[in-house]
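Here is a short walk through one structure.

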Number of protein chains: 2
Amino acid sequence: MAREFPDDSVGLVKSRTQHFSEPLELDSGACLPHYDLIYETYGELNATHSNAILICHALSSDHHAAGYNSPDDRKPGWWEVCIGPGKPIDTNRFFVVCSNNLGGCKGSTGPMSPHPETGTPYGPDFPIVTVRDWVRSQARLADALGIQQWAAVIGGSLGGMQALQWAMDFPDRLRHSVVIAAAPRLSAQNIAFNEVARQAIMSDPEFFNGRFYEHDTIPRRGLMLARMLGHITYLSDDAMRAKFGRELREGKPRFGFDVEFEVESYLRYQGKAFVDRFDANTYLLMTKALDYFDPAKDFEDDLSRALANVQARFMVIAFTSDWRFAPDRSREIVKALLDGDKEVSYAEVVAHQGHDAFLMPIPNYINVFSAYTNLINVDAET
Amino acid sequence: MAREFPDDSVGLVKSRTQHFSEPLELDSGACLPHYDLIYETYGELNATHSNAILICHALSSDHHAAGYNSPDDRKPGWWEVCIGPGKPIDTNRFFVVCSNNLGGCKGSTGPMSPHPETGTPYGPDFPIVTVRDWVRSQARLADALGIQQWAAVIGGSLGGMQALQWAMDFPDRLRHSVVIAAAPRLSAQNIAFNEVARQAIMSDPEFFNGRFYEHDTIPRRGLMLARMLGHITYLSDDAMRAKFGRELREGKPRFGFDVEFEVESYLRYQGKAFVDRFDANTYLLMTKALDYFDPAKDFEDDLSRALANVQARFMVIAFTSDWRFAPDRSREIVKALLDGDKEVSYAEVVAHQGHDAFLMPIPNYINVFSAYTNLINVDAET
């Protein structure tokens with residue numbers, strides 16, 4: 001008997017892969033001669049193709065944003081909280097598309113894919129990709145799907161940066177941009193954390209300068225450390241206190257270097273689990289895309305000028321306890337938009353969960369997100 | 001011709017080593033049969049021995065707190081900013097003592113010292129030491145130096161925790177306790193950062209379960225990562241912005257994994273330099289001492305009760321941009337003291353330098369610190 005999925009889930013979903021045979025010029029100057037993008041869709045595209053929403057994913061997630069990939073699947077997609085019937089990204093109204101970014105490790109062309117010239121994995125030879133490159137590749141996917149204009153492009157964290165870039169690079173191809181828990185560029189501290197994560201991976205003797213596939217190994221320790229460190233920046237100090245406090249695993253100190261506090265156990269578990277599901281070269285690429293994202297750079301650091309041509313209406317959402325991309329960073333985006341007389345709504349959600357709040361079922365967040373998406377007109381292009 | 005040192009420096013200093021042949025019982029239940037403490041002193045002990053100040057050091061520093069160890073020494077001790085003639089810890093008035101903590105790697109007995117039973121370095125067999133253990137060992141040093149009562153015990157960060165512990169464990173052996181940029185215990189986030197640092201070291205293949213000395217190597221990569229990570233937590237986001245911004249080393253992006261931003265260059269340099277001057281096993285021990293510090297634990301988490309017997313007057317100093325041990329954490333100490341009707345002064349210094357501010361010549365900090373120490377009576381024990 002078929003498994004019953006929750007009523008508010010899109011249920012069983014299958015990914016599809018789109019091949020692109022036209023070369024893609026990248027910001028770095030490199031060129032991908034051809035590439036694949038793997039993606040999922042939820043809901044139905046309407047007759048006028050006016051109800052499509054693009055979801056952009058963050059550092060370590062992928063195209064599987066909602067639903068279940070098999071009847072036995074235990075875990076739904078990474079944004080199940082926000083995508084589905086009656087949810088903020090309501091699949092009764094919208095046709096939702098989410099693709100794995102170029103450079104990824106879940107089916108889109110990336111470091112694990114065969115290099116066209118050698119047939120062996122790209123590994124470290126996969127070119128550095130930027131947020132702009134991703135947006136360009138996603139625009140081609142929109143073409144392939146017959147979507148001339150997105151009702152909205154939506155993303156959290158690095159995904160929010162893509163939603164912002166979309167509005168700059170293709171101003172007439174989206175009506176709304178929803179930028180959640182993001183920043184207009186990384187701070188020196190953000191870059192510093194990324195650098196430690198990269199050094200952890202690259203200094204792992206099993207990394208072999210990125211050619212670890214050929215050695216039939218993975219830089220397990222380095223990737224684990226990178227993930228542990230990432231996790232600290234995803235959670236607020238308060239959230240950690242609420243979740244772990246200073247609880248000792250065995251009630252009293254054991255005066256050794258095995259796991260002693262609950263938080264250590266959690267981080268080690270998260271780190272180990274990540275190693276089995278993510279590629280180290282992809283992790284490096286994603287952190288570089290974050291570092292390089294800086295749309296105001298070509299406009300003398302004036303974000304308002306960088307956003308001068310956007311036509312989309314914006315919704316910007318930040319979380320009070322997010323210290324990775326604090327509300328101040330979101331307000332920079334809001335201010336730049338307002339300075340340019342653009343339409344923007346801003347919500348600062350009181351939440352103790354830190355950066356990860358954008359993935360969580362926080363009522364005020366879900367409500368304000370839904371209130372905005374409910375206003376998105378899907379009957380006609382405006 | 002002899003080098004001229006600055007007038008406000010204690011100048012050329014030499015360390016001494018005190019041997020203790022009486023066993024030291026540790027909190028862990030282990031016992032050190034005998035041990036050495038290396039220390040430096042600055043200024044002159046007065047006739048009544050009432051002008052002695054103990055300086056307690058933080059995670060990665062040592063007994064060389066002020067002055068120069070040789071005529072060619074380029075760098076003075078780690079707290080040169082605060083110790084010397086006319087400085088907050090005025091060597092014209094005070095006799096200043098600073099010892100390297102047990103478990104250290106700069107001359108006190110630690111993992112690099114020979115195990116009494118085998119003659120080879122303790123390595124991972126060196127017992128876990130706690131802040132209480134350090135205080136107990138420092139009290140024996142005071143005995144050896146003929147100091148019955150310190151005019152003050154002073155420290156920043158982990159050193160501040162020792163100053164707090166001193167007042168609890170030997171209430172009649174210090175008149176003042178100066179606790180700077182500290183916390184009454186680590187948060188889950190603090191522990192999490194320590195855990196990533198430890199995992200970086202312990203997962204380095206060159207660590208050899210702590211027996212790397214025998215393999216004639218050091219866990220260079222792991223220790224470097226630990227230090228890089230530590231550095232991020234020592235600086236504020238603002239300080240990093242002021243120091244590095246998002247400056248590209250070569251002006252424009254190179255789209256590679258070599259150093260790209262100034263902050264990356266700085267962190268790699270700091271990490272590499274640290275490896276040559278610090279022992280990995282000591283680093284592990286110091287982070288554990290931080291994790292375990294929790295004086296309220298035996299008093300149902302009631303810090304005020306833990307501090308019930310203190311007699312010292314307290315000065316607590318915090319820095320606004322310190323996010324490792326934020327001012328809130330210092331205020332917990334102040335509140336607990338006030339709740340117990342203890343004497344305490346509190347200064348919250350506006351400074352953008354983050355946790356490292358306690359090492360820096362910030363005028364408001366130096367002034368408030370001097371104002372307090374100027375009031376310390378050295379003419380008679382009170």
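Predicted model: local features only at pLDDT ≥ 70, side-chain atom pairs only at ≥ 80, totals over all residues.

The crossing of α3(A) and α7(A) is left-handed.

The residues that make this contact can be picked out on each helix. On α3(A) they are A:Ile191, A:Asn194, A:Ala197, A:Arg198, A:Ile201 and A:Met202. On α7(A) they are A:Ala280, A:Tyr283, A:Leu284, A:Thr287, A:Lys288, A:Leu290 and A:Asp291. Sorted by class, the contact between α3(A) and α7(A) holds 8 nonpolar, 2 polar and 3 charged residues.

The cysteines come next. A disulfide is a covalent bond between the sulfur atoms of two cysteines. How many disulfides are there over all chains? The count comes to 0, with a pair of cysteine sulfur atoms counted when they lie within 2.5 Å. A:Cys82 is in no disulfide, and the nearest cysteine sulfur to it belongs to A:Cys98, 12 Å away. A:Cys98 is likewise in no disulfide; its nearest cysteine sulfur is that of A:Cys56, at 7.6 Å.

Are these two cysteines, A:Cys82 and A:Cys98, buried or exposed? A:Cys82 has a relative accessible area of 0% and is therefore buried, since buried means under 20%. A:Cys98 is buried as well, with a relative accessible area of 0%.

Terms used
Residues numbered from 1 in each chain as written. Chains lettered and ligands numbered in written order. Heavy atoms only, no water. Buried < 20%, exposed > 50% of the residue type's maximum accessible area, 1.4 Å probe, protein only. Left-handed = near helix turned anticlockwise from the far one by under 90°. Helix = DSSP H or I, 4+ residues; strand = E, 2+ residues; numbered from the N terminus. Contact = heavy atoms within 4.5 Å. Nonpolar A, V, L, I, M, F, W, Y, C, P; charged D, E, K, R; others polar.
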